[in-house]
Every structure is written in structure tokens, then in C-alpha cells.
Amino acid sequence: MENEMIKTQALIIGAGPAGLATSACLNRLNTPNIVVEREECSASLWKRRSYDCLKLHLAKHYCQLPHMPFPPNTPTFVSKSGFITYLDEYATRFNVSPRYNRNVESAYLKDGRWIVEVGKGAEREVYSADYLVVATGENSEGVIPEIPGLAESFEGEYLHSSEYKNGERFAGKHVLVVGSGNSGMEIAYDVSKWDADVSLVVHSPVHVLTREIVRIGMWLLRFFPVKLVDPWCLLLAKLRFGDTSRYGLIRPNKGPFMNKLVTGRSPTIDVGCVDEIKAGKIEVVSSIKRIEGKRVVFVDGNTERVDSIVFATGYKSSVSKWLQVDDGDLFNENGMPKGELPDHWKGKNGLYSVGFGRQGLAGITRDAQNVATDIASL
């Protein structure tokens, strides 16, 4: 029996902050929309795939979604639980009701409408929409790099950072954390507090700043160009941390905010990891060459025996799995927008993206408002 077509004006794929914000903006403009989500809850990255000590890395006013500021008594840097509460209240306030356990299998254009086939357990649903909004974001699937010997011979436990909750189970073990972004350095710091022996793989130059320095820098950028703000922030960082290159943390040639503009990589926000590195409690090591049993061989020739490896090696988009023929000419083969900022959010034939601009929650807010306004105007 053929599935009955479920029709709507806009179909939003993904119920993370991007999907919730887009639906809220459309609801305020009285534009009918449906949100489908593969998990059994909204904001699953925050609720199910993030570590306990996580906080928003930017001040709260850079992280609020459209039309709903954080309450005045909210701390400047919002905790994981505080942000989850905010998202749930946001969905309630703007009548966003995602349809959960819906796994998108294919999406294509037919007779001017988007046809989206969705798996719901053993059942199937087919949606038809004038507009398709992809809000699955850049962080859809965790990435673990291919390392010779990892899958074949490693005798310990390895996991992606999305599976890490806290360091309790690693107490007394030698843990190797791979990645020097926010997740990597926060997890290394957290594990070290559980009396684990921690090594941190830093394979490329990285800017490490404090939350306060970033906050000052973002405020200064409202009045001054990046070429003036970056040196000020680097001076503050040097006063706080000293010469981090002595400990294996080499800074990029470009300043922190210029580097973000050019490469899309944000500076790492230190939560105490640098002091642990300077004190010798966390050892910085080079990239992994291969793994032999519990023995890890690094590219500089050094070796270590480790019990566990946590890969804080980022995420990738999953769009290319189900949008096999991009009739909207919006995404590349890696499932990321072809267009550069600020033209990354709109494709052809009613296809849009929200949360793919590498601009964090502030970028999600801008994308959601742009998409909703554009759809309502049409």
C-alpha cells in the first residue's frame, strides 16, 4: 500500500538549535511547517552526546536564539543543563513540536515540490513541501580518523568525544586524547582530575585564549578592525599563559579572529588545561603514526603505552547520504554549502540550510531569521 503524502509548506530536517530556531521564526510569521528529527528528543547533541562539564564557550548574549534572550539571572557562560533547559523552554514558547524517530532516507525535487522519504521504525512516511530546510548542521556525525592498527590491533578502549561523559571510568589509566579544540582540551583537563595519566595529541597550530579574552575581543570587534583586535588579544594571552610554544602549543601565523575568518577554526577556550600542561600533569604529544597493541607510535618517533583513546576529532555533515541529487544546487559532495558567507544559506528551488556557516549559535540565529523571512516573502 502506498504511503499517504503528508503535505506542508516548509519541512525542516533536524531538531537541534538550528531546527528549533527556524520553526520558531516561521511560526511567528504564521508559515506552516513540520520538523522531523531522527533521534527521540530535540537537541540530541546537547542532551545525549556531550560531556558533563560542558559550558557554552561564548557569553550568553552571543548564544541566544531568535526572539528569546536568556533570563537576566542566567550566568554569563551557560552550563550544559542551563542551555538544555533554555532550548526546551524555547520550543514550548514558540510551539515547536518536532516529530521524533524520523530518519530521512531521501529527498528530491518532483514537479516543483520537495519529496522527502522518512523511515519511522518499520514504517515509512512521505512528506511533500514547497520549501526544504536542512538544519542537521555541521555536527551530525562524529569522525574518528583512520589510523594504522587502531581497529585491527588496539587492545584498549577507544571512543569519540560524543560518547564521553566524564573521567570516572578512566581513573588511574593512561588516556590519550586526540585533538586540541575545545572538546579535546576540556576532556583532557577533565580526565586529569580523575587521577588519570593524560597525553594530548596536538597536530597543528592552535590559538588558546580564555573566555574573558574572547569576550573582550568580540566586544572590541564592534569598533575596531580584526588587524587591531588580534594583537591586543594575543598580548592578553601572553600575559595569561606565557610562551605556550615551550609546552608544544604553537600558535598559527594569523591572529585568533583572522584565523577564524580564513580557516573557520575558532580559538580554543582554556578551562584550565594549559596550567595542567605547564605543571606536567598533561603531556603534549605529536600526531599518531600507528598503533601496535597498546603501544602508540607518534610521528616524531616517540612511543607510549595507553589504555584508552578519546578522539575529539570533530564531526561531519550527513546531508550527502540522503540528498543524493542536489536539485537545489546548495551543497557540495561533503554535505556543506557551496557558497561562502553570507550567501551559504539559500539554494535554488526552495532549498535552504541553517547552521552550516561555521558561525556557532549566533550564525544559527542569523540563518534562521534569513530563511524564515525569505520563505514568508515568497
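Reader: Why is Glu 39 called partly exposed?

Author: Its relative accessible area is 27%, and the label covers whatever falls between buried (under 20%) and exposed (over 50%), using a 1.4 Å probe and protein chains only. So Glu 39 lands in the middle class. Mind that this is a predicted model, where local features need pLDDT of at least 70, side-chain atom pairs count only at pLDDT 80 or more, and totals for chains, interfaces and linings use all residues. Residues are numbered from 1 along each chain as its sequence is written, and side-chain values use heavy atoms, with hydrogens and water left out.

Reader: What makes Glu 39 and Arg 38 a salt bridge?

Author: The closest N and O atoms of the two are 3.7 Å apart. A salt bridge asks for a side-chain nitrogen of Lys or Arg within 4 Å of a carboxyl oxygen of Asp or Glu, so the pair passes. Arg 38 is partly exposed too, at 35%.

Reader: How do you know that Glu 157 and Arg 169 form a salt bridge?

Author: Their N to O distance is 1.9 Å, which is within the cut-off, so the pair counts. This one links distant parts of the chain: Glu 157 is in strand β7 (residues 157-160), while Arg 169 sits twelve residues away in the loop between β7 and β8 (174-178). For the naming, helices (H or I, at least four residues) and strands (E, at least two) are DSSP runs, numbered from the N terminus. Glu 157 has 27% relative accessibility and Arg 169 has 43%, so both are partly exposed.

Reader: Why does the pair of Arg 240 and Asp 275 tie together separate parts?

Author: Arg 240 lies in helix α7 (residues 226-241) and Asp 275 in helix α9 (residues 273-278), so the link joins parts 35 residues apart in sequence. Their closest N and O atoms are 3.0 Å apart. The whole structure has 16 salt bridges, and Arg 290, Glu 292 and Arg 295 are linked in a network of them.

Reader: What makes Ser 50 buried?

Author: Its relative accessible area is 5%, which is under the limit, so the label applies. Ser 50 is in the loop between α2 (44-48) and α3 (80-93). Its contacts (heavy atoms within 4.5 Å), not counting residues up to four places away in sequence, are Leu 45, Lys 80, Ser 162, Tyr 164 and Lys 165. The Ser 50 side chain also reaches the backbone oxygen of Trp 46 at 2.7 Å.

Reader: How do you know that the radius of gyration agrees with a compact globule?

Author: For 378 residues, such a globule would be near 21 Å, and the protein chain has 22 Å, so the two agree. The radius is taken over C-alpha atoms, and the rule is 2.2 Å times the number of residues to the power 0.38. Those C-alpha atoms fill a box of roughly 60 × 55 × 35 Å along the principal axes. The chain has eleven helices and 18 strands, and buried residues make up 51% of the 378.

How values were computed:
A polar contact is a pair of N or O atoms within 3.5 Å; within protein, one must be able to donate a hydrogen and the other to accept it, and residues adjacent in sequence count only if both atoms are side-chain atoms.
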